[in-house]
Each structure stands twice: as structure tokens, then as C-alpha cells.
Amino acid sequence: MNMHTTITASQELLLIPMSQLRPSARNVRKTGGTSIPELASSIARVGLLQNLTVIACDDGEHYEVVAGARRLAALKLLAKKKRLPSAHEVPCLVVPDAAARTASLTENVQREAMHPADQFEAFQALIEEGRPIEDIAADFGVTPPVVQRRLKLANVSPRLLADYRADAVTLDQLMALAITDDHAAQETAFYESPEWQRSPHALREHLTERDIDGLRDPLARFVGVAAYEAAGGTVRRDLFSEDAEQAYLTDAELLDRLAREKLAASADDVRAEGWAWVDVVPRIMPADLSVLHRVRPDRRKPNAKEAKRIAKLEARQQAIEDKLEGGDAAEIAEGKAQTLCDESDKLDAELEAIEQSLMVFSPDVLSVAGAVVTVDHAGEIAVHRGLLREADTEALRQVQEQGRHTDGAVVPKTQTMADRTVSAKLARQLSAHRTAALQAELARQPGVALVAVVHRLVLHTFYDDRHTDTALQVSCTPQDALDRCAPDLPESRAVTALADARQVWMDELPVKTEGLFAALQALSQDDLLSLLAVCVAGCIDAVSPHETDGKANELASALGLDMAKWWTATAAGYFAQVSKARVLEAVQCIAPDQVRALGLSKKPELVAAAERLAAGTGWLPAMLRS
């Protein structure tokens with residue numbers, strides 16, 4: 001051997017050719033052995049930093065590795081790739097045969113793993129020494145993004161890292177906090193939040209609440225993160241997201257400007273259609289559009305050429321349907337079914353395009369109405385045409401009163417108040433849902449609850465309130481029968497939220513009323529206000545058979561009530577209970593491009609489609625909007 005060093009009387013440190021080494025059955029580590037390519041890469045760059053532990057075989061030539069099987073596998077992988085010769089000499093500690101298992105167990109048990117925080121800071125130290133990220137990644141057999149993540153964790157607040165070492169902060173929490181480099185913001189998010197709001201998701205939401213989600217925000221998807229960055233926009237990236245493209249945009253003003261610029265060309269095309277006005281509004285909610293009246297286009301009669309084409313397309317569609325239903329089994333058996341379906345889809349698209357071209361607005365409507373060019377929830381350009389402001393509506397009424405006609409078509413009438421009113425039953429159902437949401441929100445906001453109580457008491461004490469109607473009944477009669485008005489209410493998120501808030505206090509308060517007053521006296525002011533909020537919340541009664549009842553509006557405004565958080569439009573809960581025209585109005589707000597096709601559907605199919613389109617959009621009927 002080239003090297004022979006005596007360690008003890010029974011141990012020797014030798015350089016042994018790799019070809020004479022083989023794994024041992026007496027290695028106590030039976031599981032693991034992963035990441036061999038990464039370890040091989042590290043050995044190729046840095047070298048083997050720890051010797052193997054071996055015993056001599058009976059043949060007098062070979063040695064069995066009882067500790068260091070991963071290192072041996074990595075060395076052999078390098079030899080297989082011709083990066084090391086098979087005779088490469090490996091430092092090995094030779095132990096007596098009788099001590100094989102003891103030596104193997106000792107190496108695996110007595111060593112102490114490096115704390116991850118120490119690893120993060122060691123990577124940071126290498127960067128500070130001037131080492132490039134790519135070189136560090138190669139040294140340790142990892143990718144550059146892995147190094148970047150560890151550097152990101154090393155940059156977390158020293159206080160949080162110290163608590164991580166003390167197991168007071170988890171790694172998942174640390175990764176969530178690393179979304180920002182602001183140590184003060186990290187510490188505020190963690191230490192000033194109650195323990196039940198310290199989940200990684202909650203911490204990440206807290207730190208990015210003012211940012212714009214680059215993957216989910218419609219405007220960000222429309223503009224594109226790359227274009228936003230090219231324009232000088234700053235981005236906060238989550239290196240620990242499962243989606244490598246996850247980014248948070250911090251400049252809302254720049255994003256809005258870029259969206260307007262990108263929408264400008266489409267707006268010019270819409271102006272060329274002859275509308276009286278065209279507004280570019282990158283972000284628009286259904287509630288914003290609800291303040292405008294909408295005029296529907298008329299369907300003109302197809303000319304001879306269009307009628308002939310429609311007839312030809314429909315005849316071919318019918319023929320395809322007949323074949324697919326079994327009229328020509330042989331052709332379908334030959335694998336042409338998909339081809340027929342694809343052809344039918346193309347025919348549908350062409351028929352839809354022709355139908356779209358037949359829908360026109362009269363010159364009188366164009367002379368007063370306008371359009372809004374915006375971005376829809378999918379991040380695509382959407383154009384809402386035939387919109388009337390209040391002044392436009394009056395102008396159109398005057399045209400109607402004069403009986404003006406254009407191209408033989410009467411200008412459409414604007415919707416009347418009678419058309420917009422829902423039934424008393426549905427009004428009670430929707431207002432019951434609103435009541436439950438108000439209760440859930442008020443239970444969370446003690447300050448507003450206190451104002452509501454004082455407001456009611458002041459009305460009683462200082463004012464003649466016989467004709468003043470408010471939502472709060474200070475007589476404290478819990479409104480626990482809302483489900484009589486809304487059978488689907490027990491399944492709502494609002495009812496669950498209030499029930500959970502009540503349960504927390506039920507677990508804290510005395511079982512019997514004796515001693516209750518003393519128990520309340522012992523509460524802090526903050527806890528007493530919190531309890532007051534839960535009690536007051538249950539007394540709210542905003543149920544009404546009238547769609548325009550506004551007795552709860554001030555309270556809803558004070559609470560910042562957003563019914564989209566508490567209620568979703570469903571077939572049974574809304575669409576099946578209103579007229580077909582009302583359903584189409586909702587579809588017009590949610591998916592304008594679907595209105596014409598769905599307008600020809602029967603009510604059940606229209607209701608089902610409306611429920612599907614409304615899912616996840618946050619659309620609300622007028623009665624539930626803020």
C-alpha cells in the first residue's frame with residue numbers, strides 16, 4: 001500500500017484501491033442511500049472528506065465497507081462515468097472483524113446532524129466570501145434554486161432564526177416569512193399574530209396582503225409578469241412555492257397603466273363601431289356595471305347569402321348527429337367518431353360567428369349608449385356594449401316616446417323597476433343570508449358592536465324613535481330561526497362562523513347563571529367587548545320581503561360586509577327562483593360572450609349553466625351588493 005498509518009493497536013488507516021472495496025452485509029444502516037448523484041458531484045469537486053470504515057476479507061485482497069456505503073456508491077458512480085479510475089485509492093480505516101458492527105453503529109449513532117439554521121448561515125458565509133451561487137450548488141450537488149432558498153432563509157430575522165433553533169418556529173413558518181426581506185415586517189407578522197393565525201398560509205397572506213398575485217390576479221395575467229418587470233415593476237417572489245412562476249407584484253399603479261395601454265387598441269376598435277362613449281376600465285366588478293342600464297341588441301334578418309350558409313351548416317350538423325347516434329356504425333367503428341365530433345365543433349363555431357354578426361344595435365342606441373372595455377376574471381379582454389348612464393337612459397326614453405324607429409326596429413326599452421324586483425320569498429331568503437353574514441362579521445368586530453348598541457340605546461333615550469327602523473333589537477332576542485326563510489342557510493359559512501364564535505365562549509363561561517356576573521367582572525375590557533360582539537351579533541335581524549329594504553345598510557357599511565365571502569349564487573338558492581331575464585342579466589355580468597347562446601336555452605339548462613359560470617366569480621345579485 002502507498003500509505004500505512006497506525007491509529008491504535010487494532011486499527012489502521014490505509015489507502016485502498018476502489019476496485020478492492022465492496023459493500024458489507026454487516027453495515028447496520030439498511031435504509032437510506034439516496035442522493036448518490038448529488039454526493040458524487042460533491043466528491044468530484046471537493047474530494048472525499050471522510051474516510052470509509054472497512055474490515056479485511058478472508059481472501060486477503062478485498063475489504064468490506066461497514067460504514068460509508070453511500071460514499072462508496074458515489075465513488076463507483078464517478079468511476080462508471082470515467083471521472084475516476086477504478087484503481088483510485090480511497091482512505092479507509094481498517095477495524096478488526098469482531099468490531100465491524102460496533103464500528104458501523106458508532107459512526108451512525110454518535111454523530112450529530114447539523115442544525116438547518118447553521119447550514120443556512122454557512123451558505124450565506126460562502127456568498128460573503130465571494131463564491132458564486134453556481135459554484136456553491138456544484139460543490140454540494142444541488143441546483144442553484146436550492147442554494148437561493150437556503151440564502152433566503154439565512155436572511156430571515158435573527159430573532160426568528162434563534163426561535164427556530166429553539167423549536168419555537170417551524171421550518172414551514174420560516175419559509176413563509178422569507179417572502180419578504182423586511183425583518184420588522186417578519187417579526188410583526190409572527191409575534192403580533194395570535195398562535196392560531198401563525199400557519200404558513202396565514203403568515204404569507206399577512207405579508208402579501210397589499211401585493212398582487214401574479215398567477216391569479218386577472219390584470220397581472222393580462223399584462224404578464226415579464227412585461228410588468230420590463231416596465232420597471234418590482235416583484236416579490238416566493239422561492240418556496242410549489243409553482244416556480246409564483247410572484248407578487250408590488251406596484252398596482254404601474255400594472256393599471258400597462259393594462260390601460262394594452263387595452264387601448266381594443267378600445268379604438270370598439271369606438272370605430274360608432275358608440276357615443278367608450279371607457280377603458282381595467283378592473284370592474286359586477287356591482288360597478290349594475291349602476292348602468294343595458295340595452296340588448298336586436299337580431300336582424302339574415303340576408304340571402306347568410307341564410308343559405310346557415311341552412312347548409314345546420315344540415316351538415318344534423319347529418320353528423322345522425323351518424324354519431326348509430327346511423328352509420330361502420331364509419332364510426334373505423335375510428336372516425338372523433339373526426340366527426342371535431343367537424344361538428346367547427347360548424348358550431350361558424351354558426352356562432354354568423355349569429356354574432358346578426359346581433360346589431362340600432363343607430364339611435366349607438367347615438368346615446370356606450371361600451372366599457374375591461375379585463376375579465378380569466379385575464380382576457382372583455383367588452384360590455386349597450387350601456388346606458390342615467391342621462392343616456394333619459395335620452396333613450398325620449399326617443400322611445402317620440403316613437404322613433406331605425407331600420408324597422410323599435411329602440412329597446414330600458415328595464416323597469418318592476419322587472420328588477422325579486423319575489424318576496426326570495427327577498428326573505430337572500431336577506432336571511434345577509435343577516436347571517438352580518439352576524440358573523442359583527443361577532444368579529446367588537447368596536448362596531450359597541451357602536452351599534454349605543455346607537456340603539458341613544459335612539460330610545462334621546463330621540464322619538466317610533467318610526468326609526470334599525471337592524472339591531474336591543475331586547476336581545478337571538479335570531480336563531482333564519483333557516484325558516486332560507487332552508488339552505490344551515491350549510492352557510494356565516495352560520496358556521498357564528499356558531500364557532502359562540503362555542504368558544506360557551507367553553508369559557510360558567511355552566512350555571514350563578515356566578516356569571518362575577519365571572520364577567522373578572523374579564524378584561526377587550527374580552528368583555530369580544531363577548532359583547534358575539535351576543536349582539538345574534539340579535540341582528542335584517543330579514544325583509546322587500547328587495548330595497550335598507551335598514552341594515554349602515555351596519556353593513558361599518559362592517560365592510562362583502563357578501564361574496566359568505567354567499568354563492570346557486571341554481572336552488574337563486575337562479576331557479578328568478579325569471580329567465582334575470583338569469584341572463586347575471587350571465588351578462590359574468591360571461592357576456594355566453595349570453596346570446598344561452599338565451600336560446602330552456603330555463604333548466606340556463607339555470608345550470610348560470611350556476612356553473614357564477615362559481616368562483618364573486619357575482620352577487622343587486623340585493624346583496626354593498
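Ring pairs join Trp567, Tyr574, Phe575 and Trp619 into a cluster. This is a predicted model, in which local features need pLDDT of at least 70 and side-chain atom pairs count only at pLDDT 80 or more, while totals for chains, interfaces and linings use all residues. Residues are numbered from 1 along each chain as its sequence is written, and side-chain values use heavy atoms, with hydrogens and water left out.

**Aromatic rings**

- The structure holds 7 aromatic pairs. Phenylalanine 190 and tyrosine 191 form an edge-to-face pair, at 5.1 Å centre to centre and 85° between the planes.
- Rings of Phe, Tyr and Trp (its six-membered ring) pair if their centres lie within 6.5 Å; planes under 30 degrees apart count as stacked, over 60 as edge-to-face and the rest as tilted.
- Phenylalanine 190 is buried at 2% relative accessibility. Tyrosine 191 is partly exposed at 21%. Buried means under 20% relative accessible area, exposed over 50%, and partly exposed in between (1.4 Å probe, protein chains only).

**Charges over rings**

- Arginine 159 lies over the face of tyrosine 191, 3.5 Å from the ring centre.
- Lysine 262 lies over the face of phenylalanine 222, 4.6 Å from the ring centre.
- A charge sits over a ring if NZ of Lys or CZ of Arg is within 6 Å of the ring centre and within 35 degrees of the ring normal.

**Salt bridges**

- The count comes to 20 salt bridges (a side-chain nitrogen of Lys or Arg within 4 Å of a carboxyl oxygen of Asp or Glu).
- Arginine 299 and glutamate 355 meet in a salt bridge at 2.7 Å, N to O. Arginine 299 lies in strand E12 (residues 298-299) and glutamate 355 in helix H16 (residues 329-358), so the pair ties together parts 56 residues apart in sequence. Helices (H or I, at least four residues) and strands (E, at least two) are DSSP runs, numbered from the N terminus.
- Arginine 299 is partly exposed at 45%, whereas glutamate 355 is buried at 18%.
- Aspartate 268 and arginine 271 also form a salt bridge, at 3.0 Å, N to O. They are 3 residues apart in helix H13 (residues 252-271), so about one helical turn separates them.
- Aspartate 213 bridges to arginine 216, with the closest N and O atoms 3.1 Å apart. Aspartate 213 is buried at 18%; arginine 216 is exposed at 57%.
- Asp118, Glu121 and Arg165 are linked in a network of salt bridges.
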